[in-house]
Amino acid sequence: LISKYLTEECTLDKMLYRPADFYAQNNIVFLPGKKVMHLKLKSRTAQFEDGEQITWEKLLLAVGGKPLAPRMEGMKRKGVFTFTTLDDAKAIDEFLENGVNRAVVIGAGLSGISVTEALVKRKVEVTLIVRSRIMRAILDQPTSLIVEEALKQAGVKIITGHTVAGINGSDTTEYIVLDNGTEIPCDLVVMAMGISPRTELALDAGIKVNQGIVVDRHMATNYPDIYSCGDAAEAYDFVYGENRLTPVWPNAYIGGRIAGYNMAGVNREYPGGT
């Protein structure tokens with residue numbers, strides 16, 4: 001719902017998946033701002049940045065994904081954002097108050113199209129940079145062309161078959177340069193090129209990782225009593241009939257429930273996502 005937050009169609013209260021008092025009411029110890037640095041499998045302990053450790057009987061790695069960000073000139077420039085978290089939406093919202101007129105969105109997956117829609121609704125002129133075609137991972141070519149036409153009718157300029165070589169300007173973003181040397185003026189750049197699973201903890205601990213953290217139909221890893229779900233997990237895809245990364249919200253929700261049941265001793269099987 002972060003795109004709806006950006007357009008002010010949805011308030012934070014309506015976005016919360018659980019009420020604020022849910023954790024306390026359900027006897028859940030919630031530790032915000034804590035980063036786990038290492039997992040010690042033999043002693044079943046997780047070590048935080050500050051050296052503190054906690055132990056587990058069952059462990060769930062629901063660590064999500066991080067935005068893909070290519071190495072290019074100007075990535076740290078003011079006016080360059082990603083679009084995966086509420087903080088991203090808040091930062092873009094605040095930046096738009098400076099009088100942004102032109103934006104470039106790099107990437108045409110679900111996140112790229114969502115932020116494009118939100119920016120158009122905020123009266124920003126958007127240029128969408130598409131390497132191949134719109135929402136390639138979700139739509140076939142005829143459907144992709146329908147979405148492309150709808151975007152054009154909404155006033156979005158679409159550039160296909162090119163990538164961005166650099167983001168230039170003095171203090172803030174002023175223009176991007178494509179791989180063919182074309183310069184496109186802009187005040188704002190959104191990097192929406194997908195995500196990569198956060199597999200560092202699992203790899204460091206010796207848990208099986210392919211593209212993501214490999215799990216079975218119970219969302220269990222290859223190590224006893226350790227589970228994974230969501231964008232980090234490489235779980236069963238019922239269309240392909242094999243394990244794949246499927247980083248979308250419905251699969252995270254269903255996979256999380258299956259993991260929770262099995263961690264609590266109730267046998268449940270993941271039906272698969274796609």
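A search of the whole predicted model finds 11 salt bridges, a salt bridge being a side-chain nitrogen of Lys or Arg within 4 Å of a carboxyl oxygen of Asp or Glu. The model is predicted, so local features need pLDDT of at least 70 and side-chain atom pairs count only at pLDDT 80 or more, while totals for chains, interfaces and linings use all residues. Residues are numbered from 1 along each chain as its sequence is written, and side-chain values use heavy atoms, with hydrogens and water left out.

One of the salt bridges joins Lys-121 to Glu-9, with the closest N and O atoms 3.2 Å apart. This pair links distant parts of the chain, 112 residues apart: Lys-121 lies in helix 5 (residues 110-121), and Glu-9 in the loop between helix 1 (2-6) and helix 2 (12-15). Helices (H or I, at least four residues) and strands (E, at least two) are DSSP runs, numbered from the N terminus. Lys-121 is partly exposed, with a relative accessible area of 40%. Glu-9 is also partly exposed, at 46%. Buried means under 20% relative accessible area, exposed over 50%, and partly exposed in between (1.4 Å probe, protein chains only).

Glu-97 and Arg-122 meet in a salt bridge at 3.5 Å, N to O. They too link distant parts of the chain, 25 residues apart. Glu-97 sits in the loop between helix 4 (86-96) and strand 7 (102-106), Arg-122 in the loop between helix 5 and strand 8 (125-130). Glu-97 is exposed, at 58%; Arg-122 is partly exposed, at 22%.

A salt bridge of 3.0 Å, N to O, pairs Asp-237 with Arg-244. Asp-237 is buried, at 0% relative accessibility, whereas Arg-244 is partly exposed, at 27%. Salt bridges with shared partners also join Glu-9, Glu-117 and Lys-121 into one network.

Ser-228 belongs to strand 16. Ser-228 counts as buried because its relative accessible area is 0%. Its side chain reaches the backbone oxygen of Leu-61 at 2.7 Å. Beyond neighbours within four places in sequence, Ser-228 is in contact (heavy atoms within 4.5 Å) with residues including Leu-60, Leu-61, Ile-213 and Ala-233.

Arg-44 is placed in the loop between strand 1 (36-40) and strand 2 (45-48). Asp-225 occupies the loop between strand 15 (213-214) and strand 16 (226-228). Arg-44 is partly exposed, at 25%, as is Asp-225, at 24%.

Notes: A polar contact is a pair of N or O atoms within 3.5 Å; within protein, one must be able to donate a hydrogen and the other to accept it, and residues adjacent in sequence count only if both atoms are side-chain atoms.
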